[in-house]
Amino acid sequence: MPPTPPLLGPGPAVAGPGPAVADGPGASRAPAHPRCEHCPDDALYDVELISARAALAQGRWQSARSLLLHTGDDWDRRGHRATVLAGEPYAGAWAREWLLAEPGSAGAATLYALTLVRRALRGKEEPDRAREACAGAAALAPADPTPWLGLLLLARHLGTDEETRRVFGEVRRRHPEHHHAHHLMAARIAETEARGTYELCAFAERAAAEAPADSPLAVLPVVAYTERHRVLAATGRAPADPATAGHWAEPSALRALGAAFDWWLEWGIEEHPRRYVDLNHLAHATFGAGRYAESAALFQRIGRHATPAPWSYLDRDPCAAFRAARERTLGG
């Protein structure tokens, strides 16, 4: 596969969605609203991950070890599980204990590095220390893109355009379809592109075209258009309501949305660990475009499985935004 060309234009990044980090015990999964069945959980309803996370919170790091061991080289799932485990408030301490027990463990080194990334993104750790930890974990597992995902999380928020491109290239070299990495890049490009949206659309369309037919990267162009609207609205260049902005009325946006919805009908994404992220993006976009029959089908499939993005964009309460769209579409 040819290397990805330069993607990022110059210019300052605008305020965007913050990194998904836990800020205290249970912050990543405690319901924001009592008795709310739609409050997002970073684990995305992965039952084995939820169990290992609960065990890790009690100091039983062996469950995390077993989970990552059995995840193997399912790189999207490994990245998802490792980043969620790293959000457990005491994950760093238990990862250090695991490292003491198994000094050469790539899983322990990766989990520990990701805990430092989370802390660095909250301003509670030196970014260089997190980078060094990720580099050490990468040396222990040269084929694993997960330590590089940690570096990309740092670069997406704290790094230069050159650093972000380089790290994304390293992730992609190990797993060309890496789902989380492509979403991070779409958000970064949207925030830094200074000359329209050509690079953002080209990036998303190229990724979708190069991926296998059953790859959920088929939804990436919709994600890119959503990121574009988020940035335009945050900088006062578009109304916050996509319908008022006419965002999904643009022919290119409509084509991307139609193609992504048709892909979902044909292929589905039942086994992908981050499938609810894509389903929520599609539901959000079809709802914003006034395509209520399509959004109804998506909300039925999503059930209670809301995700923070994109419902939280523009400082909205994700639970309230999800519920409002779902109730309007399904009638209660």
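Proline 147 is buried, with a relative accessible area of 1%, where buried stands for under 20% relative accessible area, found with a 1.4 Å probe on protein chains only. The model is predicted, so that local features need pLDDT of at least 70 and side-chain atom pairs count only at pLDDT 80 or more, while totals for chains, interfaces and linings use all residues. Residues are numbered from 1 along each chain as its sequence is written, and side-chain values use heavy atoms, with hydrogens and water left out.

**Exercise 1.** Find the helix that holds proline 147, and then the residues in contact with proline 147.

*Solution.* Begin with the helix, a DSSP run of H or I with at least four residues: proline 147 belongs to α7, residues 146-158. Next, setting aside neighbours within four places in sequence, look for contacts, meaning heavy atoms within 4.5 Å; these are made with Thr110, Cys134, Ala137 and Ala138. Finally, compare C-alpha atoms: those of proline 147 and alanine 137, ten residues apart along the chain, are separated by 6.0 Å.

**Exercise 2.** Describe the largest nonpolar core, and list the contacts of leucine 282.

*Solution.* Such a core is a set of buried Ala, Val, Leu, Ile, Met, Phe, Trp, Tyr and Cys residues joined through side-chain atoms within 4.5 Å. The largest one has 80 residues, and Leu85, Val222, Trp264 and Leu282 have the most contacts inside it. Helix α5 (residues 106-121) supplies the largest share of this core, nine residues. Leaving aside neighbours within four places in sequence, leucine 282 is in contact with Val219, Val222, Leu257, Ala260, Phe261, Trp264 and Leu298.

Note on methods. Helices (H or I, at least four residues) and strands (E, at least two) are DSSP runs, numbered from the N terminus. Buried means under 20% relative accessible area, exposed over 50%, partly exposed in between (1.4 Å probe, protein chains only).
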